[in-house]
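Let's walk through this complex together, one question at a time. Take a look at it first.

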Amino acid sequence: MAGAGRPDPDLPEADAAPTLSVRGLSTEFRAGGRVRRVVDDVSFDVKRREILAFVGESGSGKSVTFLSVLRLIADPPGRIVDGSVLFDGEDLMTLDPKGARMRSIRGGGIGFVFQEPMTSLNPVLTIGRQIMESLRLHLDMGRREARARAAGLLSAVGIGDAERRLGAYPHEFSGGMRQRIMIAIAVACSPRLIIADEPTTALDVTTQAQILELLAGTVRDLGASLVLITHNLGIVARYADRINVMYAGRIVESGATDDVFADPRHPYTRALLDCVPRLGETRKLAPIAGQPPDAGTAFAHCPFLPRCARALPVCRTAPPPRLADVAPNHSAACHAAELPE
Amino acid sequence: MDEATTGSRDTAFTPSYLRTAAGILRQRPDIAIGVLVIAVMVVLALFADLIAPYDPNRTSLLDSLMPMSAEHWLGTDSLGRDVLSRLIHGTRVSLQVGVFAVFSAAAVGTFLGLLAGYFRGIPDMIIMRLMDALISVPPIILAIALAAVLGGGVDNVVIALAVALLPTYARVMRSLVLVIRELDYVVSARVAGAGPLRIMIQHIAPNCLPSLVVLMTLNMGHAILAEASLSFLGIGITPPQAAWGAMVSDGYRYMLQDPSLSLIPGVCVIVAVLAFNLAGDGLRDLLDPRLKGQL
Amino acid sequence: MAGTLTTFATRLLQSLVVLLLVSVLVFALARLVPGDPVKTLLGFEGTQTQIDEMRETLGLNRPLPVQYVAWLGEVLSGDFGRSITYREPVADLLLARLPVTALLGTLAFVLAVVLGIVAGVVAAVYRGTPVDGLVTVLATIGLATPVFWLGVLFIYLFSLKLGWLPVQGFTSPFVDPARSLQQLVLPVVCLALSPLASIARQTRSSVLEVIQQDYVRTAWSKGLRERAIIVGHVLRNALMPIVTLTGVHLNHLLGGSVLVETVFNIPGLGRLIVNAVFDKDFQVVQSSVLVFAVIVVTVNLLIDYSYAFIDPRTRR
């Protein structure tokens, strides 16, 4: 039952060029004399109108990947050292991060929904002003027009009495409503790509469902792509068309959600799925032994080796495995992935 | 990131702090300088009689207003007194006043703050309004007025400065107590029947110590500045006692002949206050960064 | 809205209570003076009978609380007693000196706030660069510099050595603006240095903290220009705590004005109180203390009120 925004193969867009195409992205952070490579040689596509999930534990590099895409990495201490990011055919890495073109893409072409609704809105500005800011900047609207559109956006995300509430301040709203406002801001200029970084982690379960429905629905209506960064596999199962699993700054498995869930090829993915209780099953939940590595640790061999139950002798000597196809549209970075189960 | 910060967040004064102290000094040269200068001043103040080359009050009209020389490293003032010796003795006055004023203010202020924060209600209101009243008179003016009433002299300056400084301690202490008394382990102690005194001594006081130390160090700088200002105005010292502020004032008349008479004592004030400020800021960063906004 | 009015009233009441306490303290202060209060208050020595009569006339034989209430009544109706030294009603003296100190203080305050905020923002935005280093070092030294010494230094440099500016004195700007400006430059800069240094440091610290906040990251993700982010998002939040602290700065400024007026020989409230202390003119001393307290409390009250406009979170 995955993919509320599953690309309809009958639509001409199914084979169109991807909205976002990342190749070899690597980002490092310098701290206390040490250099940590937090994102290591990451490559992936975000197809048109699809919902792509990025899954991983803290420190896996999923947030930094997309902050790098938006060129929001502060330099110092961070630095994007390599890679190309093609957004609608244009390589964002060749742009000046503070320049006009990059700025017009931020908010105009790519919208971002952050994790913490309680602190992601400026407490001293009205929410109307915060929504209108984007509209007036990217769509060059006059105040009246922007106001009207902002009110429309607020209604669309489910906040009643929109016209009046434009003059309200963030502290007058609950966490769930603030996240709705964040979504309104992110989609205000009809971007072609929306990145939602753990949009529901800070919310209670009931609100989580509402927000995700809203997000998926909005994206579908806009005809945009959605990148859903999360560690919640339930959300992935319900909404994502495809999934990328990240570990230690690399993508270790990638494929259609149904395929990956049915036949996980990377031991980490397998272990993650084993952690999730499923209805109708009675079995012991098996937590993954060990701790995820600190972000940016360098590895001579496979980073998952210390925690892997299926390690082969080759895993201890070979360099870290690279993503390779193990099935049509399904790849994994594991020396043992191609072997039969 | 500063490893010392992450290390010392949990407890303030464990024996291991001696080991990390060396590490801290290496990482933060500003604190090292501050501490060093303070140490030098303390030595000068304690052993002024031994260290100063001349008796600071020995006058010699023949030698008045002499420039810097081998015999008088910083020259002599209008009454022929050796400037260097007077500066060294001035260190004693400044530190004495500072230490007594700050400790008195801390003692009384924290006590009041403790009462206000712990018992709340009417005592809180009364104490805090009183503190507000004390704060609403600028410290120098308060000191001047008290000096006018109680007379000049070092003791009264100490009292005056202590009165001017104590509201800050009361306020900081009160805020700390308000937070600490609601911490889980303190509430459990109350529920278990521990009396207020026991709670204050066992739980609240140790948690306030780091902030208090920071506050006191920073206040030393303020106290020295205030003392210098008062002695400049002629309040708080009885001539011929050597005090930095008074030296600036005395030397003012002879600016054209020898500006150093007036300017050098001021530099001493700057150095002294700077030392305490650097040390205090450093201590604050290490012990309790969240005080950054308040102090 | 009702909430705001209640807060308004509460704060006002608190301030009045504080002022009342100050008046009690001031009154007690005067009574602490050792020696015969008659001689103290009137400054003369006469025969015992004269003194006794004076005592009766002045009501000094009544119980203290009654004396206090009477004194308070006089103060509130504008009677601050007479000055021994000047043989004038103290009220007249205060009225003459207050505008001078107010002018000096206001100019210094404005200078300190404007320059301080600019320096702090620049230092924060260019954090880690030599500019930041310079601002931080200067501010740190500035905080340790005694105001009176700075005055002496300025006089030496700019008046005696370079001869650019007059040594001392005061002219009303209404009488001779040019000369007034010349005479005010040094004292104002002198007075402004310490609060300027403090404000610069606090602003830098506050801006740095705000820049790390999530909502600033949101502003970046919207594609706003850096300047728009700093002015529209960062500053408004960063300056709020600075506003709260202006009350403290004012306090120190008033203290500093005492020293500056003495060094530059400016006929303001500060110099009045210093001279009065040496002349043992207690009426002047206690009245001046009262006036300073009123100024401080009033300004702090206004600052508290302005906070309601600045921070929408306090309006509910």
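One term before we start: pLDDT is the predictor's confidence in each residue, from 0 to 100. You'll need it since this is a predicted model.

Q: What mean pLDDT does chain C have?
A: Start with the share of chain C that reaches 70 or more, which is 90% of its residues. Across the chain, the mean pLDDT is 84.

Q: Which helix gives the most to the side of chain C that touches chain B?
A: Here 38 residues of chain C are in contact with 37 residues of chain B. On the chain C side, α1 (2-32), α6 (130-144), α7 (147-161), α10 (226-264), α11 (269-279) and α12 (282-310) each supply at least two residues. With eight residues, the top contributor is α10(C).

Q: How many charged residues are on the side of chain C that touches chain B?
A: Sort that side of chain C by type and you get 31 nonpolar residues and seven polar ones. The count of charged residues there is no charged at all.

Q: How many charged residues are on the side of chain C that touches chain A?
A: This time 18 residues of chain C are in contact with 25 residues of chain A. α9 (214-221) and α10 of chain C are the elements giving two or more residues, and α9(C) has the largest share, six. By type, that side holds four nonpolar and six polar residues, and the charged ones come to eight.

Q: Which strands stand at the edges of the sheet in chain A?
A: The open sheet has four strands in antiparallel pairing, in the order β2-β1-β4-β5 (chain A). An edge strand has a single partner, so one side of it is left without a neighbour in the sheet. That applies to β2 (34-46) and β5 (90-91) of chain A.

Q: What is the bridge partner of A:Ser21 in β4(A)?
A: Strands β1 (residues 20-31) and β4 (residues 78-87) of chain A run antiparallel and are joined by eight bridges. In β4(A), A:Ser21 is partnered with A:Leu86.

Q: What percentage of the residues of chain B count as buried?
A: Chain B has 12 helices and zero strands. Of its 295 residues, the buried share is 50%.

Conventions
Residues numbered from 1 in each chain as written. Chains lettered and ligands numbered in written order. Predicted model: local features only at pLDDT ≥ 70, side-chain atom pairs only at ≥ 80, totals over all residues. Contact = placed C-beta atoms within 7 Å. Nonpolar A, V, L, I, M, F, W, Y, C, P; charged D, E, K, R; others polar. Buried ≥ 20, exposed ≤ 12 C-beta atoms within 10 Å, placed from the backbone. Pairing = 2+ DSSP bridges.
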